[in-house]
Amino acid sequence: MVPIRLSLKNFLSYGSQTSTLDFSEFSIACLTGRNGHGKSAILDALTWALWGKCRVTSNVEVIKRGESEATVEFEFEVEGNRYRILRQIKRRKGTETSTTLHLQYFNTAKSAFEALEQGAKTQKTIEDILKIDYDSFICSSFILQGRADEFMKKKPAERKAVLSKILDLEKYDTLMRKARDAASHINSEAEATGRQLEQITDEMERTKNLSDELKEKKQVLDNITTELGALERSRDELVRKSESLKAKRQKYNELTSQIEGAKGNSTQLRDQLGELGGTINADSQIVSREKEINREYKSYLRAKEQERAYSEKMLRHTKLGEELEKITASIRDEQNEIEKQLSLLEGRRRELNKTIAQKDEIIVRQSEIESGLKEYFFTLDTETELEERGKQTAALDADRRGLQIKLEEERLKIEVHAARIGDEIEQRKKKVEYISAIEQEVEELEKKIEEHKTLLREYEALELKLKITSENKKAAEARIEELKIRLAEDEDKLSHLTSEIEEPHCPLCESALTIEAAESLIEKLEGAMARHASVLEEQRSELDSLEARVVSLSEKIKGHQNDLEQLAELNTKLGEKKNSHFELVVARGELELLQTELSAINKRLDTKDYGAELQPEITLLEKQIKELDYDQTRHEEIKNKAEELRRFRSEKEALDKAHAEKSTAGDELRSVEGEKKRLLTILNEEGFAEEPRAGARALEDEIKKVGYSVDEYTRIKDSVSFLERFSRDKEELERAKLSLAYRKREQQRINKTLVEVEDTLRRLGTEIEEYENIIPQTKEIEDKRQSAETQINKLRTIRDGCLSDISTMKSEIDRVKKMREKKAELRSKLHTLKGEVAIYKQLQRAFGKNGIQALIIENTVPEIEQEANNLLRKLSEGTMTLSLELVQPTQKGGEKETLQVKIADSVGTRSYETYSGGEAFRIDFALRVAISKFIANRSGAELRTLVIDEGFGTQDKDGLSHFVDVINAVKDDFDKILIITHVDELKDKFPVRIEVTKEYGKGSTFETIYN
């Protein structure tokens, strides 16, 4: 990709009036300016146009602050075809944006751009044309600050890691970790499956006697069911007897309840009589004060009437006062409005006088401005003519230089091709030398593999022995546990017999024994315990022996596992060596073909058989440039003069505007002075708010007529408050008169009811004596029924437990059947998981540092080395070469992985640290550009544009000079080279300078300056 033209509007720090950057006017240029003025924004605009990406994290940030949209138009060339991209972004609500993208190509037949793509597929089409994505572009075409000497700063052992990072080999580390994690996860799952299989086996062994236990439990259930039936029948008989006594007992309870209720009523009635007597006395006292209360109540009513009448006067007085305040406020508002208008008119009068004085200052210079404007238009016509001739000259010169570059490119391509073939010949010669050594290594590997296969068979036999021994160990442990249980049971029986030696009983059935029978049984138990102890000791000895054998076999198996892992590695190495042998045989055949091709290329270079059709075109272009007779100095003088005279254009516009504004200001001034005089007259003579003034006077007269006094109103309210208590006494009197008659009648009614209740108590006492003899009978039957119910519940609980146990046993039997099926399934799964673990371990080794990554680096290093030497020969005039070696011999005769850089010159081979600053910079730069070209080539693109953002501020004068020499040496390898710097010493070292500046309020701008 070669840039041709870049235009940007409201992009980052650039505003809407930014010029167009024409890349076709130069092949090498430096981009200068102060930090923060917008140098990097130009490169951001280039990448944003192509990929929609740049340094900003959010697309909305590319829009200049205060603007609603940004646009970048970029024209470029790829493989002889010209394209143009128009990318625009608009701001929506908040951080939302919308983007439009158009791609055009240049139709040479029509000499115009035509639409190629727009919409969703446009970005994919652009990347297909470029053959490179954003990340690869900024890693190759951009040499960032501090990255040129990245390789050489590292130790040899660390350079391989740096190259891996540049080649993006970290993805293989990710795959290796995923394979390792997968193997670990599956291995954990396999171990869990194995444990689950062992648990199922143990569980099946534990439940093998469930069927016998189920039969015994069913027999127990039948016995309990029979006993429970007999108890339930007895309980039912007791329930029938209890029911026959229930009615009599219920009647007894009812009589008892009635007696209690009557006693309560009697007590309650006596309490009510006491309360009524107190209330009647209190009401009688209030009624005795009736005449006094009525007299004072009449005084209260008269005071209340006076208060109501005076309240109406107060309301009338308040309402009239509020209306008067409103009218007074409106009069003040109208006066304030007139004074405010007078103040505004006075301010406007001063402004108009000032404006007229300012316009007179411009009008005085009228003749000077008109003469300068005439000269400006004449100079502008001259500049336009020179501009056109300059563009034609630049276009012809660019074509001429393009043809010269193509001619040189033809020669360089042939030389590069010849150098590449020479390097390939040397590489193949080196490879062919190793054929016999590779064949010997293959033979040795095959012999070692056969030895490890024998070890594999031994490993399988040891695993089988370990399995059998482990099973025997489990059986011995089970026998030991069984002997322990029997020994404990015998000890319990013996303890039982010895504790009852005078009246012995059988420890099993609890039947009585004679002393002779008990002594005989004790003797038998002691003999059995001795035998059990002897067998237990033998089993423990056997268990110790089995455990020792398990440990021994495990150690032997562990020792063989390392050999088995080496077997897989040996097979991998054997495959690699056979592939290497095949490649060497192919290289031997390719060597002869390359030698023949190199001879033909050298002959073509000697005879200069290239670019013959380009020379006539170059001569014609030189003649056309001479005929145009374009003078750059004269053009600059006219341009500067036009820039100086440009101010008369704006001054003429200001002059015309001053005449018009002066006339308008004079008319307005006269109007303002007339209005001010009229308002002053109104204000001085109080000729405003006449109707509100009359209304205010009328309201003041009416307020006086109301006759309201605050002191009189307060006196009346105090009198009402003092007499208000007699109103409450009046209410209490009326209530007492009504209540007294009612409570006397209630007192008579309660006395009558109390006599009736006491008669009822005497009658119920006689009736309840007939039922008192049934209480003992009822209690006896109820106790028997409760006892039967308790036994029934106990047997039901036992029965339910049996049923639950039977159900559980049946479920366990069904579960054992399912476990048999699960066991077979788990065995199959375990076999599959072990196979998957082996596969992922192989993938882990393949994706590791010594697998695919090593192969990629081995294939990459020769390409980088060749490209770096092509550049280094140019930079050192053929005196220096470098070589990259991936392995280094150790003192013990082996090899270790590294990335050693060896540099050779006319003196010999020596280390990088011994070279001077200028020589070291050439080496660093050649290696970095070689890596950049390799990255670009990997994506299918050709590196034709180079942008260098190096820290030149740290270089001394010699360092800066070396850098310029390096750029001049490689300039023919690139169509465009752009150097970003703010070092003044470098600005004049390049033929073209793009000066970036930033002005507050307007944004960034740039200017192309030719040195």
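Two strands are said to pair if DSSP finds at least two bridges between them. Strands themselves are DSSP runs (E, at least two residues), as helices are (H or I, at least four residues), and both are numbered from the N terminus.

Good morning. The structure above is a predicted model, in which local features need a pLDDT of at least 70 and side-chain atom pairs count only at pLDDT 80 or more, while totals for chains, interfaces and linings use all residues. Residues are numbered from 1 along each chain as its sequence is written, and side-chain values use heavy atoms, with hydrogens and water left out.

I begin with confidence. The mean pLDDT (the predictor's confidence in each residue, from 0 to 100) is 76 for the protein chain, and 82% of the residues score at least 70. Strand β4, residues 69-78, has the highest mean, 92, and helix α4, residues 150-153, the lowest, 61.

Next, the strands. Strand β3 (residues 28-32) runs parallel to strand β14 (residues 992-999), and 3 bridges join them. Within this pair, T32 has E995 of β14 as its bridge partner. The pairing of β14 with β15 (residues 1003-1010) is antiparallel and comprises 8 bridges. Together β14 and β15 make a hairpin with 3 residues between them, and G1001 in the turn has a positive phi of about 90 degrees.

I turn now to helix α8. Axes here are lines fitted to C-alpha atoms, for helices over the stretch in contact, and angles run from 0 to 180 degrees between N-to-C directions. Helix α8 (residues 290-363) packs against helix α16 (residues 710-723) at about 150 degrees, with the axes 9 Å apart. α8 is therefore roughly antiparallel to α16, a term for angles over 145 degrees. Contact means heavy atoms within 4.5 Å; here it involves, among others, Y300, A303 and M314 of α8 and Y713, I716 and L723 of α16. The residues of this contact comprise 8 nonpolar, 4 polar and 4 charged. Nonpolar covers Ala, Val, Leu, Ile, Met, Phe, Trp, Tyr, Cys and Pro; charged covers Asp, Glu, Lys and Arg; the others, Gly among them, are polar.

Helix α8 also meets helix α15 (residues 690-706), where the axes come within 9 Å and cross at roughly 160 degrees. These two helices are therefore roughly antiparallel as well. Among the residues that meet are L320, L324 and I327 in α8 and A696, L699 and I703 in α15. By class, this contact has 9 nonpolar, 4 polar and 6 charged residues.

Thank you for your attention.

Note on methods: Angles under 35 degrees count as roughly parallel, over 145 as roughly antiparallel, 65 to 115 as roughly perpendicular and the rest as oblique.
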